[in-house]
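I opened the model to look up a few side chains and the elements around them, and I kept these entries as I went.

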Amino acid sequence: MKKQVLLIGICIMAIACATTADKPAESAKSEILSVNASEEMNAKLTLADGVDGQTDHIVSKCTGCALQMAGSDSFKTKVGEYEVHFCSDFCKKAFDRKPDESLKNLVIPQI
């Protein structure tokens with residue numbers, strides 16, 4: 001049951017992201033938040049960084065969509081030494097409100 005609820009939640013987020021991903025908001029392009037990263041955040045970012053097969057300090061998959069959607073350079077946040085890309089302004093703003101909580105709750109897919 002928990003897996004079904006999680007899957008439904010991911011699907012809803014993906015739909016919300018897909019509807020806003022077409023056109024980057026001007027404010028999202030220019031506003032790049034910079035966050036200091038704790039050890040726990042860095043550990044999660046290291047795992048998320050490898051999901052795309054590259055270890056380049058760029059998390060290119062959207063953390064708001066459980067790393068299932070491609071992120072965009074138009075929507076990004078700097079967390080410690082990492083650049084985190086998002087698929088939409090919606091996902092970026094949600095992450096920016098509580099980056100530590102967002103990363104703590106992020107489930108890294110098995111690759």
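Entry 1. I began with the side chain of S88, which reaches the backbone nitrogen of C91 at 3.2 Å; I keep in mind that this is a predicted model. S88 sits in the loop between strand 4 (82-86) and helix 4, and with a relative accessible area of 0% S88 is buried.

Entry 2. I then went along helix 4, residues 89-97, where I found D89, C91, K92, F95 and D96 to be the buried residues. Looking down the axis of helix 4, I see its buried residues fall within an arc of 160 degrees, so they line one face of the helix.

Entry 3. How many disulfides are there? I looked up the cysteine sulfurs, and the count comes to 0 disulfides. For C62, the closest cysteine sulfur is that of C91, at 3.7 Å, which is too far for a bond, since a disulfide needs the two sulfur atoms within 2.5 Å. I note that C62 is buried, with a relative accessible area of 0%, and that C91 also counts as buried, at 2% relative accessibility.

Entry 4. Next I turned to the largest nonpolar core, which has 20 residues, and I wrote down L45, V59, L67, V79, F86 and L103 as those with the most contacts inside it. Helix 3, strand 3 (72-79), strand 4 and helix 4 each supply at least two residues of this core.

Entry 5. Strand 1 and strand 3 run parallel and are joined by 2 bridges, and for V35 I noted V79, in strand 3, as the bridge partner.

Entry 6. Is G50 buried or partly exposed? I placed G50 in the loop between helix 3 (39-49) and strand 2 (58-59), and I recorded G50 as partly exposed, with a relative accessible area of 21%. G50 and K61 are 11 residues apart in sequence, and from C-alpha to C-alpha they are 9.9 Å apart in space.

How values were computed: Residues numbered from 1 in each chain as written. Predicted model: local features only at pLDDT ≥ 70, side-chain atom pairs only at ≥ 80, totals over all residues. Heavy atoms only, no water. Buried < 20%, exposed > 50% of the residue type's maximum accessible area, 1.4 Å probe, protein only. Helix = DSSP H or I, 4+ residues; strand = E, 2+ residues; numbered from the N terminus. Arc of directions from axis to C-beta. Polar contact = N/O pair within 3.5 Å; in protein donor to acceptor, adjacent residues only side chain to side chain. Core = buried A, V, L, I, M, F, W, Y, C linked by side-chain atoms within 4.5 Å. Pairing = 2+ DSSP bridges.
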